[in-house]
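This report describes the fold of one protein chain. It treats strand pairing, nonpolar cores, domains and overall dimensions in turn.

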Amino acid sequence: MFKKIFREIKKYNTIVIVRHIGVDPDALASQIALRDSIKLTFPEKKVLAIGTGTSKFTFIGKLDKVEEVSNALLIILDTPDKKRIDGVSLDHFDQVIKIDHHPFIETLGKIEYIDENASSTCEIIMDFILQTKLLCDVEIAKKLFVGLVSDSNRFLFDSCTSKTFTLVSKYLDLFPFSINEIYQKLYLRPLSEVRFEGYIAQNMIVTENGVGYIKITDDIINKYKVDSAAAGNMINNFNFISEILVWVTITEDVKNENIRISIRSRGPEINKVAEKFHGGGHRFASGVKTTTFEEAEIIVHELDMVTQKYIQSLQEKENMHGC
Ligand SMILES: [Mn+2]
(Lines give C-alpha, C1' and ligand atoms only; values in the text may rest on other atoms or scores of the structure.)
Protein backbone atom coordinates (compact mmCIF):
# COMPACT_ATOMS: atom_id res chain seq x y z
CA MET A 1 0.00 0.00 0.00
CA PHE A 2 2.84 2.44 0.82
CA LYS A 3 4.34 1.78 -2.62
CA LYS A 4 0.99 2.56 -4.24
CA ILE A 5 0.69 5.85 -2.32
CA PHE A 6 4.27 6.75 -3.21
CA ARG A 7 3.54 6.15 -6.90
CA GLU A 8 0.60 8.59 -6.73
CA ILE A 9 2.76 11.20 -5.01
CA LYS A 10 5.36 10.74 -7.74
CA LYS A 11 2.72 11.13 -10.44
CA TYR A 12 1.18 14.44 -9.35
CA ASN A 13 2.91 17.81 -9.64
CA THR A 14 0.49 19.50 -7.28
CA ILE A 15 -0.32 17.93 -3.94
CA VAL A 16 -2.52 19.32 -1.17
CA ILE A 17 -2.31 17.85 2.34
CA VAL A 18 -5.09 18.39 4.87
CA ARG A 19 -6.21 17.04 8.27
CA HIS A 20 -9.00 17.41 10.81
CA ILE A 21 -10.56 20.55 12.28
CA GLY A 22 -9.56 21.42 15.84
CA VAL A 23 -5.92 20.95 15.02
CA ASP A 24 -3.70 18.95 17.38
CA PRO A 25 0.03 18.23 17.24
CA ASP A 26 -0.35 14.83 15.49
CA ALA A 27 -2.59 16.21 12.76
CA LEU A 28 -0.42 19.26 12.18
CA ALA A 29 2.96 17.55 12.47
CA SER A 30 2.01 14.67 10.16
CA GLN A 31 0.78 17.19 7.60
CA ILE A 32 3.85 19.42 7.74
CA ALA A 33 6.34 16.54 7.94
CA LEU A 34 4.81 14.80 4.92
CA ARG A 35 4.78 18.07 2.96
CA ASP A 36 8.43 18.75 3.78
CA SER A 37 9.45 15.19 3.00
CA ILE A 38 7.75 15.29 -0.42
CA LYS A 39 9.35 18.67 -1.14
CA LEU A 40 12.75 17.39 -0.09
CA THR A 41 12.35 14.37 -2.36
CA PHE A 42 10.73 16.19 -5.29
CA PRO A 43 11.80 19.88 -5.11
CA GLU A 44 9.93 20.72 -8.34
CA LYS A 45 6.52 19.71 -6.96
CA LYS A 46 4.05 22.15 -5.46
CA VAL A 47 3.01 20.76 -2.09
CA LEU A 48 0.60 22.67 0.14
CA ALA A 49 -0.36 21.97 3.75
CA ILE A 50 -3.75 23.60 4.27
CA GLY A 51 -5.97 24.26 7.29
CA THR A 52 -6.61 26.51 10.26
CA GLY A 53 -3.53 26.87 12.41
CA THR A 54 -3.02 27.97 15.99
CA SER A 55 -0.29 30.11 17.49
CA LYS A 56 0.22 27.45 20.14
CA PHE A 57 1.83 25.05 17.68
CA THR A 58 3.85 27.44 15.53
CA PHE A 59 6.99 25.57 16.61
CA ILE A 60 5.76 22.60 14.57
CA GLY A 61 5.81 24.58 11.35
CA LYS A 62 4.00 26.94 9.04
CA LEU A 63 0.92 26.13 7.00
CA ASP A 64 0.41 27.30 3.42
CA LYS A 65 -2.13 29.72 2.04
CA VAL A 66 -5.08 28.25 0.19
CA GLU A 67 -4.58 28.41 -3.58
CA GLU A 68 -6.64 27.45 -6.59
CA VAL A 69 -5.21 24.17 -7.80
CA SER A 70 -6.01 21.89 -10.70
CA ASN A 71 -5.09 18.30 -11.58
CA ALA A 72 -4.04 17.88 -7.99
CA LEU A 73 -3.71 15.03 -5.53
CA LEU A 74 -5.32 15.43 -2.12
CA ILE A 75 -3.89 13.61 0.88
CA ILE A 76 -6.11 13.57 3.98
CA LEU A 77 -4.27 12.78 7.20
CA ASP A 78 -5.54 11.84 10.66
CA THR A 79 -9.21 12.31 9.69
CA PRO A 80 -11.81 9.52 9.48
CA ASP A 81 -14.78 11.45 8.08
CA LYS A 82 -15.68 14.11 5.57
CA LYS A 83 -17.25 16.56 7.97
CA ARG A 84 -14.08 16.81 10.05
CA ILE A 85 -11.78 17.74 7.14
CA ASP A 86 -10.38 21.24 7.59
CA GLY A 87 -10.26 23.58 4.64
CA VAL A 88 -11.05 21.79 1.38
CA SER A 89 -13.80 20.07 -0.50
CA LEU A 90 -13.05 16.67 -2.00
CA ASP A 91 -14.55 17.34 -5.43
CA HIS A 92 -11.78 19.62 -6.66
CA PHE A 93 -9.20 16.85 -6.77
CA ASP A 94 -8.23 14.23 -9.35
CA GLN A 95 -7.20 11.72 -6.75
CA VAL A 96 -7.80 11.40 -3.00
CA ILE A 97 -5.73 9.40 -0.52
CA LYS A 98 -6.49 8.93 3.17
CA ILE A 99 -3.88 7.98 5.79
CA ASP A 100 -5.30 7.61 9.28
CA HIS A 101 -5.26 5.81 12.61
CA HIS A 102 -8.83 6.56 13.72
CA PRO A 103 -11.46 3.82 13.60
CA PHE A 104 -12.98 3.74 10.09
CA ILE A 105 -16.07 5.90 9.60
CA GLU A 106 -16.38 6.47 5.86
CA THR A 107 -14.41 6.12 2.65
CA LEU A 108 -12.91 9.41 1.53
CA GLY A 109 -10.52 8.37 -1.22
CA LYS A 110 -9.76 5.62 -3.70
CA ILE A 111 -6.65 4.75 -1.76
CA GLU A 112 -6.90 4.46 2.01
CA TYR A 113 -4.28 3.36 4.48
CA ILE A 114 -5.84 2.93 7.90
CA ASP A 115 -3.97 1.42 10.82
CA GLU A 116 -6.07 1.60 13.95
CA ASN A 117 -3.21 0.08 15.91
CA ALA A 118 -0.83 2.92 15.15
CA SER A 119 -0.17 5.30 18.04
CA SER A 120 -0.49 8.30 15.76
CA THR A 121 -0.65 9.38 12.14
CA CYS A 122 2.95 10.54 12.59
CA GLU A 123 3.90 6.93 13.37
CA ILE A 124 2.37 5.83 10.05
CA ILE A 125 4.20 8.62 8.19
CA MET A 126 7.47 7.55 9.86
CA ASP A 127 6.94 4.04 8.55
CA PHE A 128 5.83 5.33 5.13
CA ILE A 129 8.98 7.43 4.71
CA LEU A 130 11.28 4.56 5.71
CA GLN A 131 9.56 2.09 3.40
CA THR A 132 9.59 4.30 0.30
CA LYS A 133 12.06 6.57 -1.46
CA LEU A 134 10.77 9.61 0.43
CA LEU A 135 13.59 11.56 2.05
CA CYS A 136 13.78 12.80 5.62
CA ASP A 137 16.02 15.11 7.65
CA VAL A 138 16.40 16.06 11.31
CA GLU A 139 13.73 18.77 11.13
CA ILE A 140 11.17 16.41 9.63
CA ALA A 141 12.10 13.70 12.13
CA LYS A 142 11.58 16.13 15.03
CA LYS A 143 8.11 17.04 13.80
CA LEU A 144 7.13 13.40 13.46
CA PHE A 145 8.36 12.74 16.98
CA VAL A 146 6.31 15.69 18.31
CA GLY A 147 3.13 14.26 16.80
CA LEU A 148 3.78 10.72 17.95
CA VAL A 149 4.73 11.71 21.48
CA SER A 150 1.72 13.99 21.76
CA ASP A 151 -0.89 11.54 20.42
CA SER A 152 0.47 8.70 22.57
CA ASN A 153 0.57 11.00 25.61
CA ARG A 154 4.33 10.49 25.96
CA PHE A 155 4.14 6.71 25.29
CA LEU A 156 1.50 6.29 27.99
CA PHE A 157 -1.37 4.92 25.89
CA ASP A 158 -1.54 1.26 24.99
CA SER A 159 -1.59 2.30 21.35
CA CYS A 160 2.19 2.21 21.77
CA THR A 161 3.53 -1.02 20.37
CA SER A 162 6.95 -2.48 19.69
CA LYS A 163 6.57 -0.93 16.22
CA THR A 164 6.18 2.51 17.80
CA PHE A 165 9.38 2.12 19.77
CA THR A 166 11.23 0.55 16.85
CA LEU A 167 10.35 3.48 14.60
CA VAL A 168 11.33 6.05 17.23
CA SER A 169 14.58 4.20 17.80
CA LYS A 170 15.36 4.09 14.08
CA TYR A 171 14.63 7.80 13.67
CA LEU A 172 16.80 8.71 16.64
CA ASP A 173 19.60 6.69 15.07
CA LEU A 174 19.21 8.12 11.59
CA PHE A 175 18.36 11.73 12.48
CA PRO A 176 19.63 12.42 16.02
CA PHE A 177 17.84 15.20 17.90
CA SER A 178 17.34 16.28 21.49
CA ILE A 179 14.18 14.85 23.02
CA ASN A 180 14.36 17.27 25.92
CA GLU A 181 14.38 20.26 23.59
CA ILE A 182 11.11 19.01 22.13
CA TYR A 183 9.53 18.40 25.54
CA GLN A 184 10.45 21.96 26.55
CA LYS A 185 8.38 23.26 23.66
CA LEU A 186 5.55 20.78 23.98
CA TYR A 187 5.05 20.70 27.75
CA LEU A 188 6.10 24.09 29.07
CA ARG A 189 3.01 25.88 30.32
CA PRO A 190 1.98 28.96 32.24
CA LEU A 191 1.15 28.84 35.94
CA SER A 192 -2.39 30.01 35.15
CA GLU A 193 -3.03 26.66 33.44
CA VAL A 194 -1.72 24.71 36.40
CA ARG A 195 -3.99 26.71 38.71
CA PHE A 196 -6.89 26.03 36.35
CA GLU A 197 -6.07 22.33 36.46
CA GLY A 198 -6.29 22.59 40.24
CA TYR A 199 -9.74 24.10 39.87
CA ILE A 200 -10.87 21.15 37.77
CA ALA A 201 -9.46 18.66 40.27
CA GLN A 202 -11.22 20.44 43.14
CA ASN A 203 -14.59 20.78 41.47
CA MET A 204 -15.02 17.68 39.34
CA ILE A 205 -18.22 15.78 40.14
CA VAL A 206 -17.83 11.99 40.22
CA THR A 207 -20.80 9.67 39.76
CA GLU A 208 -21.25 6.38 41.59
CA ASN A 209 -20.10 4.55 38.48
CA GLY A 210 -16.90 6.56 38.25
CA VAL A 211 -17.68 9.17 35.63
CA GLY A 212 -15.96 12.43 36.53
CA TYR A 213 -17.24 15.56 34.84
CA ILE A 214 -16.96 19.29 35.14
CA LYS A 215 -18.77 22.21 33.57
CA ILE A 216 -16.47 25.08 32.76
CA THR A 217 -18.29 28.31 32.05
CA ASP A 218 -16.86 31.36 30.31
CA ASP A 219 -16.64 33.10 33.72
CA ILE A 220 -14.30 30.42 35.02
CA ILE A 221 -12.16 30.58 31.87
CA ASN A 222 -11.80 34.33 32.33
CA LYS A 223 -11.16 34.05 36.05
CA TYR A 224 -8.25 31.69 35.51
CA LYS A 225 -6.99 33.62 32.48
CA VAL A 226 -6.85 30.53 30.24
CA ASP A 227 -8.42 30.00 26.82
CA SER A 228 -11.40 27.79 26.09
CA ALA A 229 -9.17 25.04 24.68
CA ALA A 230 -7.23 24.73 27.95
CA ALA A 231 -9.52 22.18 29.63
CA GLY A 232 -9.58 19.89 26.59
CA ASN A 233 -5.82 20.15 26.31
CA MET A 234 -5.17 19.07 29.89
CA ILE A 235 -7.76 16.31 30.05
CA ASN A 236 -5.13 13.58 29.72
CA ASN A 237 -3.65 14.71 33.03
CA PHE A 238 -6.68 13.22 34.79
CA ASN A 239 -5.81 9.66 33.85
CA PHE A 240 -4.95 7.03 36.48
CA ILE A 241 -7.30 8.24 39.22
CA SER A 242 -8.69 5.21 41.08
CA GLU A 243 -12.21 6.57 41.54
CA ILE A 244 -12.57 7.63 37.91
CA LEU A 245 -13.02 5.40 34.83
CA VAL A 246 -14.38 8.00 32.41
CA TRP A 247 -13.79 11.72 32.68
CA VAL A 248 -15.31 14.62 30.84
CA THR A 249 -14.68 18.35 30.51
CA ILE A 250 -17.57 20.47 29.30
CA THR A 251 -16.29 23.85 28.22
CA GLU A 252 -18.21 26.87 27.09
CA ASP A 253 -16.67 28.50 24.02
CA VAL A 254 -18.36 31.88 23.71
CA LYS A 255 -16.35 32.93 20.67
CA ASN A 256 -17.46 29.94 18.61
CA GLU A 257 -20.87 29.83 20.26
CA ASN A 258 -20.63 26.21 21.29
CA ILE A 259 -19.84 23.87 24.14
CA ARG A 260 -16.89 21.59 23.71
CA ILE A 261 -16.93 18.22 25.39
CA SER A 262 -13.75 16.19 25.76
CA ILE A 263 -14.06 12.61 26.94
CA ARG A 264 -11.39 10.16 28.09
CA SER A 265 -11.66 6.64 29.40
CA ARG A 266 -9.45 4.01 30.94
CA GLY A 267 -11.83 1.13 30.24
CA PRO A 268 -15.30 1.73 28.83
CA GLU A 269 -15.49 2.41 25.09
CA ILE A 270 -16.79 5.93 24.68
CA ASN A 271 -16.57 6.76 20.97
CA LYS A 272 -20.01 5.28 20.22
CA VAL A 273 -21.60 7.78 22.60
CA ALA A 274 -19.59 10.60 21.02
CA GLU A 275 -20.67 9.53 17.53
CA LYS A 276 -24.32 9.41 18.60
CA PHE A 277 -24.05 13.12 19.37
CA HIS A 278 -22.23 13.93 16.12
CA GLY A 279 -18.78 13.84 17.63
CA GLY A 280 -16.12 11.18 17.32
CA GLY A 281 -12.65 9.97 18.06
CA HIS A 282 -10.96 6.89 19.41
CA ARG A 283 -12.29 4.19 21.73
CA PHE A 284 -10.80 5.84 24.80
CA ALA A 285 -10.47 9.45 23.66
CA SER A 286 -13.33 11.29 21.99
CA GLY A 287 -14.91 14.70 21.66
CA VAL A 288 -18.29 16.27 20.93
CA LYS A 289 -19.37 19.79 20.11
CA THR A 290 -22.80 20.84 21.29
CA THR A 291 -24.65 24.06 22.03
CA THR A 292 -26.32 23.54 25.40
CA PHE A 293 -25.26 22.38 28.84
CA GLU A 294 -28.49 20.34 28.86
CA GLU A 295 -27.29 18.19 25.98
CA ALA A 296 -23.91 17.87 27.70
CA GLU A 297 -25.71 16.46 30.72
CA ILE A 298 -27.50 13.91 28.54
CA ILE A 299 -24.12 12.85 27.14
CA VAL A 300 -22.70 12.50 30.66
CA HIS A 301 -25.70 10.36 31.57
CA GLU A 302 -25.14 8.09 28.55
CA LEU A 303 -21.48 7.78 29.44
CA ASP A 304 -22.53 6.86 32.96
CA MET A 305 -24.72 4.06 31.57
CA VAL A 306 -21.88 2.77 29.38
CA THR A 307 -19.58 2.82 32.40
CA GLN A 308 -22.11 1.00 34.55
CA LYS A 309 -22.39 -1.73 31.89
CA TYR A 310 -18.62 -1.95 31.73
CA ILE A 311 -18.36 -2.44 35.49
CA GLN A 312 -21.08 -5.08 35.36
CA SER A 313 -19.31 -6.98 32.59
CA LEU A 314 -16.08 -6.89 34.62
CA GLN A 315 -17.90 -8.30 37.63
CA GLU A 316 -19.49 -11.04 35.53
CA LYS A 317 -16.09 -12.03 34.23
CA GLU A 318 -14.70 -12.12 37.76
CA ASN A 319 -17.58 -14.30 38.95
CA MET A 320 -16.97 -16.74 36.11
CA HIS A 321 -13.33 -17.07 37.09
CA GLY A 322 -14.46 -17.63 40.68
CA CYS A 323 -16.39 -20.82 39.72
MN1 LIG B 1 -3.94 11.49 15.56
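## Parallel strands

Strand β4 runs parallel to strand β5 (residues 111-114), and four bridges join the two. Helices (H or I, at least four residues) and strands (E, at least two) are DSSP runs numbered from the N terminus, and two strands pair if DSSP finds at least two bridges between them. D100 stands opposite I114 in β5. The model is a predicted one, in which local features need pLDDT of at least 70, side-chain atom pairs count only at pLDDT 80 or more, and totals for chains, interfaces and linings use all residues. Residues are numbered from 1 along each chain as its sequence is written.

β4 also pairs with β3 in the parallel sense, over five bridges; L74 has V96 in β4 as its bridge partner. Five of the six residues of β4 (residues 95-100) are buried, so this strand is largely enclosed by the rest of the structure. A residue counts as buried if 20 or more other C-beta atoms lie within 10 Å of its own, as exposed if 12 or fewer do, and as partly exposed in between, with C-beta atoms placed from the backbone. Strand β1 (residues 14-18) is likewise largely enclosed by the rest of the structure, because four of its five residues are buried. β1 and β2 run parallel and are joined by four bridges, and I15 has V47 in β2 as its bridge partner.

## The mixed sheet

An open sheet of six strands has the order β6-β7-β8-β9-β11-β10, with mixed pairing. β6 (205-206) and β10 (280-281) stand at its edges with a single partner strand each, so one side of each is left without a neighbour in the sheet. Within this sheet, strand β8 (residues 246-253) and strand β9 (residues 258-265) pair in the antiparallel sense over eight bridges. W247 stands opposite R264 in β9.

## Nonpolar cores

A nonpolar core is a set of buried Ala, Val, Leu, Ile, Met, Phe, Trp, Tyr and Cys residues joined through C-beta atoms within 7 Å. The largest has 53 residues, of which I15, I17, L74, I75 and L144 touch the most other members. Leaving aside neighbours within four places in sequence, I75 is in contact (C-beta atoms, placed from the backbone, within 7 Å) with I15, I17, L34, I97 and I99. Another core, of 29 residues, lies apart from the largest one and includes F196, V248, I259 and V288.

## Domains

The domain assignment, automatic or from a database, gives domain 1 (2-187) and domain 2 (191-322). Their centres, taken over C-alpha atoms, are separated by 28 Å. Six residues of domain 1 are in contact with four residues of domain 2.

## Overall dimensions

The protein has eleven helices and eleven strands. Its C-alpha trace spans about 60 × 55 × 40 Å along the principal axes. For 323 residues, a compact globule would have a radius of gyration near 20 Å, and the 20 Å of the protein agrees with this; the radius is taken over C-alpha atoms, and the globule rule is 2.2 Å times the number of residues to the power 0.38. Buried residues make up 41% of the 323 residues. Among contacts with a separation of 6 or more, 64% are between residues 24 or more positions apart.

Notes
Two residues are in contact if their C-beta atoms, placed from the backbone, lie within 7 Å.
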